[in-house]
Amino acid sequence: ILIIDGIEMVGLISLGEVEGNSINIGYTAISSQYRRRGLSKAIKIKAFLLAKELGAEYVTTQNHLLNPMLQINQQLNFVEYTRDITFVKQLGST
């Protein structure tokens with residue numbers, strides 16, 4: 001799904017394929033000069049409608065804990081489902 005202003009693309013959301021009864025939003029991107037105008041929320045709501053048309057019952061998405069999209073996802077009533085664990089290993093050590 002794209003958001004266009006004239007001939008300029010200002011927003012984009014990546015909606016995956018329906019798998020079982022769910023579909024995943026891979027990413028949402030809004031051009032920096034168009035942020036804080038509610039476009040992320042609006043494009044996600046449009047994705048929900050399209051997902052439903054495609055037969056999905058659930059929408060999944062992921063974001064980093066410090067990403068502002070977390071607050072938007074919470075406002076849209078996403079429920080935390082799983083937690084990822086990040087590991088780090090210093091190179092050169094055993």
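Predicted model: local features only at pLDDT ≥ 70, side-chain atom pairs only at ≥ 80, totals over all residues.

Entry 1, hairpins. I began with the hairpin of S2 and S3: six residues sit between the strands, and Gly20 there takes a positive phi near 70 degrees. I take strands (E, at least two residues) and helices (H or I, at least four) as DSSP runs, numbered from the N terminus. S2 and S3 pair in the antiparallel sense over five bridges; pairing here requires that DSSP finds at least two bridges between two strands. The bridge partner of Leu15 in S3 is Ile25.

Next I checked the hairpin of S1 and S2, where two residues lie between the strands and Gly6 has a positive phi near 70 degrees. S1 (residues 2-5) runs antiparallel to S2, with four bridges joining them. Asp5 has Glu8 in S2 as its bridge partner.

Residues are numbered from 1 along each chain as its sequence is written, and side-chain values use heavy atoms, with hydrogens and water left out.

Which residues make up the largest nonpolar core? I got eight: Ile3, Val10, Ile13, Ile25, Ile30, Tyr34, Ile43 and Ala47. S2 (8-15), S3 (22-30) and H1 each supply at least two residues of this core. A nonpolar core is a set of buried Ala, Val, Leu, Ile, Met, Phe, Trp, Tyr and Cys residues joined through side-chain atoms within 4.5 Å. Buried means under 20% relative accessible area, exposed over 50%, and partly exposed in between (1.4 Å probe, protein chains only).

Ile43 is in helix H1 and counts as buried because its relative accessibility is 3%. Leaving aside neighbours within four places in sequence, Ile43 is in contact (heavy atoms within 4.5 Å) with Ile1, Ile3, Gly11, Leu12, Ile13 and Thr28. I also checked Gly11: its C-alpha atom is separated from that of Ile43 by 8.0 Å, with the two 32 residues apart along the chain.

Is Ser40 buried or exposed? At 15% relative accessibility, Ser40 counts as buried. With neighbours within four places in sequence left aside, Ser40 is in contact with Thr28, Ile30, Met69 and Ile72.

Last, Leu50 lies in H1 (residues 39-53) and counts as partly exposed, because its relative accessibility is 30%.
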